[in-house]
Amino acid sequence: KCPSLELIPMIDSTNQYLLDRVGQLPQGAVCLAEYQESGRGRRGRQWLSPFGSNLYLSMYWRLDAGMAAAMGLSLVVGVAIAEALQSLGADDIKVKWPNDLYYRDKKLAGILIEMTGQTGEAAHLVIGMGLNVAMTEQGGSEIGQAWTNLAQACSGLPERNQLAATLIQRLYETLEHYESVGLDGFIERWNRLDNFLDRPVKLLIGERVAEGIARGINNQGALLLETEQGLTPYVGGEISLRGC
Ligand code: ATP
Ligand code: BTN
């Protein structure tokens, strides 16, 4: 199911493209680009988006406002992408709380969910995903953290159309499923995929740092951090997780 698909060679941001057209989009409308001039990540950070077979994909989704406000959606989308990549032969794909995909401790993909306005009970969301497919060292030279690409995680890269189609289909089905079961149906799956499960981590919370052992997520989508004081749930868009 994909009621509308636009493939644009060069764009500022696929998320921005859909955000600008929200009133005119059917549920599940997709925009794909080959290059983004101003690809973005969380909190105004840059998503480096060179030409060269990476995937820059956004999907429009109209969701119940309560569900949209909850923490769960980027976690659920992470599960959808990880499972889709596994179904295409990628091994060892992991998720990192709250919005990244990892392969062997390096960033493979990022998820950015943006919301524009509300009509009645519905929120209008754009769910963006940037996946490194075959980005070269040179293409990714400005990225300030360890990164990788799908070519490293697969013995043979899937055909490009099949990759895009599988991701779109998985995302669509997962969003429909999330609407009926909420985060509860995904917690175990997310925890199994967690790159940092039972590992020492740091949470950067503004100026504050909390250290402990990551113990997966709870049913609110909060990250559970175990310290000498016990298990504390951390939730909120301003938190960044780092391995120790
Ligand atoms: P966190 O999400 O934990 O706060 P983060 O550093 O991953 O931390 P994000 O906003 O999720 O931050 O992602 C943006 C960051 O991702 C950039 O600051 C950059 O370090 C990195 N980045 C940018 N482009 C790419 C890319 N194509 N592949 C991998 N990483 C990238
Ligand atoms: C992150 O790790 O912070 C999220 C990165 C999300 C990047 C994707 S690429 C497609 C879509 N368009 C954007 O401008 N950002 C998202």
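Okay, let's start where the two domains meet: 12 residues of domain 1 are in contact with 12 residues of domain 2, contact being C-beta atoms, placed from the backbone, within 7 Å. Before I go on, this is a predicted model, where local features need pLDDT of at least 70, side-chain atom pairs count only at pLDDT 80 or more, and totals for chains, interfaces and linings use all residues. Residues are numbered from 1 along each chain as its sequence is written, and chains are lettered from A and ligands numbered from 1 in the order in which they are written.

Back to that contact. On the domain 1 side, helix H6 (residues 187-193) gives the largest share, 3 residues. Helices here are DSSP runs of H or I with at least four residues, strands are E runs of at least two, and both are numbered from the N terminus. For the classes, Ala, Val, Leu, Ile, Met, Phe, Trp, Tyr, Cys and Pro count as nonpolar, Asp, Glu, Lys and Arg as charged, and the others, Gly among them, as polar.

The domains themselves are 5-192 for domain 1 and 196-243 for domain 2, with bounds from an automatic or database domain assignment. Their centres, taken over C-alpha atoms, sit 23 Å apart.

So what about the core? The largest nonpolar core has 61 residues, and Val76, Val79 and Ile81 touch the most other members. By core I mean buried Ala, Val, Leu, Ile, Met, Phe, Trp, Tyr and Cys residues joined through C-beta atoms within 7 Å. Buried means 20 or more other C-beta atoms within 10 Å of the residue's own, exposed means 12 or fewer, and partly exposed is in between, with C-beta atoms placed from the backbone. Helix H3 (residues 73-87) brings the largest share of this core, 10 residues. Domain 1 and domain 2 both give residues to the core, so it lies between them. Take Val79: leaving out residues up to four places away in sequence, Val79 touches Val95, Phe186, Arg189, Trp190 and Leu193.

Now the ligands. Which residues are closest to ligand 1? They're Gly41, Arg42, Leu48, Trp147 and Ser240, out of 20 that surround it. A residue is near if its C-beta atom, placed from the backbone, lies within 6 Å of the molecule or strand. Strands E6 and E12 (239-243) each supply at least two residues of that shell, and by class it has 5 nonpolar, 10 polar and 5 charged.

Ligand 2 has 21 residues around it, the closest being Ser13, Gly41, Gly110, Gly128 and Gly130. Its shell draws at least two residues each from helix H1 (14-19) and strands E3 (55-64), E6 (106-119) and E7 (122-131). The class count there is 6 nonpolar, 11 polar and 4 charged.

Last, some strands. Strands pair if DSSP finds at least two bridges between them. E8 (residues 200-205) and E9 (residues 208-217) run antiparallel, joined by 6 bridges, and Leu204 has Val209 as its bridge partner. They make a hairpin with 2 residues between them, and Gly206 in the turn has a positive phi of about 60 degrees. E9 also pairs antiparallel with E10 (residues 223-227), over 3 bridges. In that hairpin there are 5 residues between the strands, and Gly221 takes a positive phi near 85 degrees.
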